[in-house]
Amino acid sequence: MRQYKIIFSGPVGAGKTTAIQTLSDIDVVATEARATDKVKMIKENTTVAMDYGRINLDKETTVHLYGTPGQERFNFMWEILAQGALGLVLLIDGKSPNLLDDIENYLSAFADFIKDNPVAIGLTRCDLLASECLIPWSSIHEKLRKNGLSAPVFQVDARNKQDINTLLEALILSIDPTAE
Amino acid sequence: MSASSLRTISGFIKTKGKHHLILTDELVPDVLIIDIDNPKGQQLLSHYQNSGINLITLSLSQQENIPASIIQIRKPLTGVEILRSAEKIQNSLVSKKKIHAGEPKKVVDHKRLPSEPLPQQPLAYDPSTTFQGMLRKAIQLSDTEKTPVLISIQQYRIEIHADKNRARLNFSTKRLRTLCQFPLTDHLCNIRKGLMVSTTNDNSVISLPELSWDVALFCSRGRLPQNIAADAQYALNTWPNLTRWNHCEHAMRIASLWSKSPNNINNIALQLALPVENICSFITAAIDSNLANKCDDMTEVLPFKSKKSNSDLFRKLLKRLKRA
């Protein structure tokens with residue numbers, strides 16, 4: 001039995017649990033608890049340990065999908081979950097005023113992992129941006145360049161299978177562009 | 001072709017019962033449009049074919065057995081049909097120029113394995129006569145003058161704000177493709193400092209990287225702008241937003257390989273076994289949208305070596321993702 005792992009991380013409310021639900025072949029195992037801190041303003045329940053989903057490719061091959069808790073006070077879980085993973089999917093709330101800081105924070109939190117493994121960034125909730133507001137592509141690209149990264153950054157809807165599949169496809173091809 | 005000629009052609013196309021059209025503002029005509037369903041048109045065709053003039057002939061005929069030298073505009077005439085014909089004329093002109101210039105025959109690279117495809121020579125085009133060139137000019141003007149710049153093409157208006165990295169359009173972004181299909185001159189496309197006078201609130205707002213990407217992609221159509229050297233190395237610094245922006249076929253694979261290290265068009269085409277046209281479109285769009293840049297120092301491009309250990313997993317996973 002061959003088993004692989006992909007990590008989903010990002011701030012609270014970015015859509016990690018939803019993205020795993022979108023991909024998973026099983027009902028997602030979530031460790032949610034009622035939010036008590038400022039997260040309560042964003043959503044009622046939040047992940048405290050991890051989310052777990054699974055893609056069954058065949059009887060022999062399984063890809064496990066792990067979602068990290070968003071709050072930074074649970075960041076001790078991030079490294080534990082990332083060990084041995086194929087890659088990291090970073091989901092960032094695209095309409096957050098702290099978008100660039102969020103990207104920076106997560107890239108530095110996973111800096112050791114990203115050194116040797118690919119990362120794909122999904123910007124979620126962009127459909128909720130006011131019509132006059134645009135994704136600051138140039139600033140995001142600049143931020144990645146400063147971090148020495150040339151990673152895929154796509155606008156995604158965590159509920160949309162095609163979007164999440166495309167993001168995952170980019171992650172896989174980042175490892176091996178010749179894979180077919 | 002002059003503006004008056006274009007008007008004449010458009011009048012001819014709209015008028016029923018006309019059989020042929022000769023442009024009189026050119027000493028030696030480049031293009032002949034004939035309806036060879038009509039006896040008069042057929043006479044004219046044979047006259048020109050026998051005259052030895054090097055002509056591109058457009059036929060408006062419905063016939064199936066049209067000679068290969070004739071570019072056919074199928075009836076009923078539609079915008080798409082005319083654009084297709086225009087593209088064929090342009091390709092025909094390019095190939096004629098090559099023949100006249102005594103282009104050397106392609107030399108087979110003996111180092112290459114017989115099973116590997118020969119990279120094709122990409123077709124070149126002059127971006128300054130397209131919407132792509134006009135957009136570049138406007139962005140540059142807005143950037144240097146630190147002021148909004150307005151592009152006007154007929155009823156279409158594009159307001160460029162280089163400082164805010166955005167553009168405002170008085171039309172749907174779906175129309176961009178159409179604007180990229182025909183040649184533009186300064187006469188047809190006005191660029192000036194200023195804002196759009198808009199009576200509606202239906203304007204689309206788009207980021208400049210996305211606008212530049214889309215426009216360059218639509219103008220390239222598998223060709224390479226004259227200012228991009230086919231054998232030079234370019235680095236892809238950032239991926240395009242492939243879930244929302246328009247893109248060419250195999251864009252994901254091109255981006256993934258090209259983002260690993262600076263590369264050139266033929267190498268990418270060979271390594272991924274893709275048509276060179278896909279790479280040309282991608283590189284053109286990436287450079288225009290500042291996602292890529294030319295590398296001054298040419299380094300040896302080592303082919304990407306995939307690790308065999310996970311190849312089975314990746315194949316299965318990609319198959320699954322694409323199927324879904």
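1. A pocket here is an open set of points on a 1 Å grid over the protein atoms alone, where a 1.4 Å probe fits, with protein on both sides within 12 Å along at least five of seven lines; a lining residue has an atom within 4 Å of a point. The volume of the second largest pocket is about 620 Å³, taken as the space filled by probe spheres set on the points.

2. Before going on, please note that this is a predicted model, where local features need pLDDT of at least 70 and side-chain atom pairs count only at pLDDT 80 or more, while totals for chains, interfaces and linings use all residues. Residues are numbered from 1 along each chain as its sequence is written, chains are lettered from A in the order in which they are written, and side-chain values use heavy atoms, without hydrogens and water.

3. Which element gives the most to the lining of the second largest pocket? That is α4(A), with three residues. Both α4 (111-116) and α6 (161-175) of chain A supply at least two residues each; helices are DSSP runs (H or I) of at least four residues, strands (E) of at least two. By type, the lining holds 11 nonpolar, eight polar and six charged residues.

4. Now to the interface, where 41 residues of chain B are in contact (heavy atoms within 4.5 Å) with 45 residues of chain A. About 3900 Å² is buried between the two chains, and carbon and sulfur atoms give 61% of that area. Buried area is the accessible area (1.4 Å probe) lost on putting the two parts together, summed over both.

5. How many salt bridges does the rule find across the interface of chain B and chain A? There are four, each needing a side-chain nitrogen of Lys or Arg within 4 Å of a carboxyl oxygen of Asp or Glu. In one salt bridge, the side chains of D312(B) and R2(A) meet at 3.4 Å, N to O. Over all chains, the whole structure has 15 salt bridges. The pair of D312(B) and R2(A) runs from helix α10 of chain B to strand β1 (residues 2-9) of chain A.

Note on methods
Nonpolar A, V, L, I, M, F, W, Y, C, P; charged D, E, K, R; others polar.
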